[in-house]
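Here is a friendly note to read with the structure open beside you. Take the points in order, and find each residue in the viewer as you go.

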Amino acid sequence: MALNIPGVTVMMFFYLLVLGIGIWASFKSKREAKKGQGDKTEMALLGNRGINLVVGIFTMTATWVGGGFIVGTAEAVYNPSMGLIWAVMPIAATLCFIIGGLFFAEPMRNNKYVTMMDPFQIKYGKVPTAALSLASLISEVMWVTGTLIGLGVTMSVILDLSYTVSIWISAAVAITYTLMGGLYSVAYTDIIQLILIFISLWLCVPFALMCPAVVDITETAYNFTFQSPWVGTLEADRAWRWIDNFLLLGLGNLGLQNFHQRTLSASSSATAKITCFTAAFIVPTLGIPPILLGAVAASTDWNLTSYGSPSPFERGETGLVLPIVLQHLTPTYISIIGIGAVAAAVMSSTDSALLSAASIFTSNIYKNILRTQASEQEIQWVIRVSVVVVGLAGTSLTFLDNSVLMIWMLRSDLTYTLMLPQLVCVLFFRISNGYGAVLGCVVGMLLRVLCGEPLLGIPAIIRFPGCILVNGVYIQRSPIRTICMLSAVAAILLFSYLSSVLFNRGLIPEKWDVFNVKALNSSQTQGGAKSDTKDESLKEQNENDEACEPMLESRC
């Protein structure tokens, strides 16, 4: 197969269009900054908290509908061992947005945090925050990796363009406009990207369904034709794993800076909540086209196509099923349009992850720990360098594996079992402190490793009821990720309580209280007066600071 010149031409036009919009948005960002409505740092990271409802809905939705979402959903539906019932990403996103809108958006936005790590910085101090920030950075890098893999496999199959070249070009474009305009560029490019995703995906579906090699998908939904029915099955012994996956992909995303950056940049807490609720209904509709394309792949007699036998599953190319369908079951010009949809989805998620990681490193590690007296100009350069470094790191990891679903699951595992318990406790439980955070993190991570992970070759040391041996590997049938998450929450609260009692009763000398638990408890038990005074002083300090730090108006 020769290089698809028309396809490459179309992709170049698309990239130039997105880059042009990103550059225009960067000029808009600079104009807003010159009006004196906000400093440059907050303008770059949060768009000066001026993202209106319409733009907010577009950017929230586009961030979630990435390459991993589209390619991973089609992969799950086509996979004979999974099927539609296991393709929970679209519905899990709805759960994420509803829970986020109900419980997280308002307290985060009202306290005017810059990142999701700010409440940790305020309540726990530098050391626990630094450790958790590194974990959050890793999850954002994995987000970049998962989205870029989706684009790389698609372009390499349809355009016959090198997997490596495809990924690096796309990453370079996303990095460039994110560097230039910050959140404004990310938000406004998301608008055109989401429109392209919606139109392109729905345009591809009817052509794939009408291919002569495809059997009516309603017939293959529940009948064994070329493979197991694409609807899939949920046996009783796998029910707990399904629940675990659903909660993992739903609630796990609440531990991502990606989500909170959208609510923190909203013009008000009400706008942030409405954005979440609206996106909760839009995202699942964008999951329908990849579901149908996955069903088409499961209903295809591959002998009658240019792909031939054996099937993608038998060749070990399940992760490539979406581009394979576009390449071999639709006309050339339609497959090129399909690439545009995947490219738009990838870039809309990649730029968000780049900016999210840069926000955490700049605000919570560099400014608050490494260089507390950094100038405004220095912070701007740190943001730019962070975007480039995260982009290079995430892009480099794309060569480890080509399964979008695997990367997506591993990333969600990290945020669900580690970051979510920490965020819940710091926001909603006054008893939590630095000791509980550190030991809760250790408990959650240790338990998760002992439960094993076949994807990483980690054997299961702790085997919960239902654990079975398959091809020499122990497979857990219990909801181990949810167990680890709940164990982490319990450990955080337990160790926080114990440390509070030990220091307050003098059982451990106060000089050993490195996280100032006694001082924290004293301020909380005196009617909040001292806490309010402290917050007012912090607020005044933030207003006079050259670089943008969290503006505190109430206690964490």
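This is a predicted model: local features need pLDDT of at least 70, side-chain atom pairs count only at pLDDT 80 or more; totals for chains, interfaces and linings use all residues.

1. The largest cavity holds about 50 Å³ of space. A search of the whole structure finds four cavities of 30 Å³ or more.

2. Which residues line the largest cavity? They are Ile51, Asn52, Gly56, Thr59, Arg262, Ser265, Ala266, Thr271 and Thr275. By type, the lining residues of the largest cavity divide into two nonpolar, six polar and one charged.

3. Next, turn to the largest pocket, with about 1,000 Å³ of space. Several elements give two or more residues to its lining, namely α4 (67–78), α10 (239–251), α17 (404–428), α18, β1, β2 and α19 (480–504). Of these, α10 gives the most to the lining, with four residues.

4. To find the middle of this pocket, select Met82, Arg241, Glu453, Pro454 and Leu455, which lie nearest its centre. The lining of the largest pocket has 36 residues, and these divide into 19 nonpolar, nine polar and eight charged.

5. Now for the charged pairs. Side chains of opposite charge can pair when their charged atoms come close. A search of the whole structure finds nine salt bridges. In one of them, the side chains of Arg481 and Asp244 meet at 3.6 Å, N to O. This pair links distant parts of the chain, with Arg481 in helix α19 and Asp244 in helix α10, 237 residues apart.

6. Which other partner does Arg481 have? Arg481 also forms a salt bridge with Asp413, where the closest N and O atoms are 3.0 Å apart. Here too, distant parts of the chain are linked: Arg481 is in helix α19 and Asp413 in helix α17, 68 residues apart. Is Arg481 buried or exposed? Arg481 counts as buried because its relative accessible area is 12%, under the 20% cut-off. Asp413 is buried as well, with a relative accessible area of 6%. Salt bridges that share partners join Asp244, Asp413, Arg448, Glu453 and Arg481 into one network.

7. For another salt bridge, look at Arg371 and Glu378, whose side chains meet at 2.7 Å, N to O. Arg371 has 38% relative accessibility, so it counts as partly exposed.

8. Where is Arg463? It lies in the loop between α18 (434–451) and β1 (468–470). At 47% relative accessibility, Arg463 is partly exposed. Arg463 and Cys451 are twelve residues apart in sequence, and their C-alpha atoms are 6.6 Å apart in space.

9. What does Arg463 touch, not counting residues up to four places away in sequence? The answer is Tyr474 and Gln476. With Tyr474, the side chain of Arg463 makes a polar contact, side chain to side chain, at 3.5 Å. A polar atom of the Arg463 side chain also lies 3.3 Å from the backbone oxygen of Ala460.

10. Finally, some backbone details to check by eye. Most residues other than glycine have a negative phi, and most peptide bonds are trans. Against that background, have a look at the bond that joins Ser309 and Pro310: this peptide bond is cis, with omega about -5°. Pro310 has its place in the loop between α13 (288–298) and α14 (321–329).

11. Two residues are worth checking for phi. Lys112 is not a glycine, yet has a positive phi of about 55°. Lys112 is found in the loop between α5 (89–110) and α6 (118–124), and is partly exposed, with a relative accessible area of 24%. Asn471, also not a glycine, has a positive phi of about 50°. Asn471 is found in the loop between β1 and β2 (473–475). Is Asn471 buried or exposed? Asn471 counts as exposed because its relative accessibility is 78%, over the 50% cut-off.

Conventions: Residues are numbered from 1 along each chain as its sequence is written. Side-chain values use heavy atoms; hydrogens and water are left out. Buried means under 20% relative accessible area, exposed over 50%, partly exposed in between (1.4 Å probe, protein chains only). Contact means heavy atoms within 4.5 Å. A polar contact is a pair of N or O atoms within 3.5 Å; within protein, one must be able to donate a hydrogen and the other to accept it, and residues adjacent in sequence count only if both atoms are side-chain atoms. On a 1 Å grid over the protein atoms alone, a cavity is a set of points where a 1.4 Å probe fits but cannot get out, and a pocket is an open set with protein on both sides within 12 Å along at least five of seven lines; lining residues have an atom within 4 Å of a point. Grid points are joined across faces, edges and corners, and a volume is the space filled by probe spheres set on the points. Ala, Val, Leu, Ile, Met, Phe, Trp, Tyr, Cys and Pro count as nonpolar, Asp, Glu, Lys and Arg as charged, and the others, Gly among them, as polar. A salt bridge is a side-chain nitrogen of Lys or Arg within 4 Å of a carboxyl oxygen of Asp or Glu.
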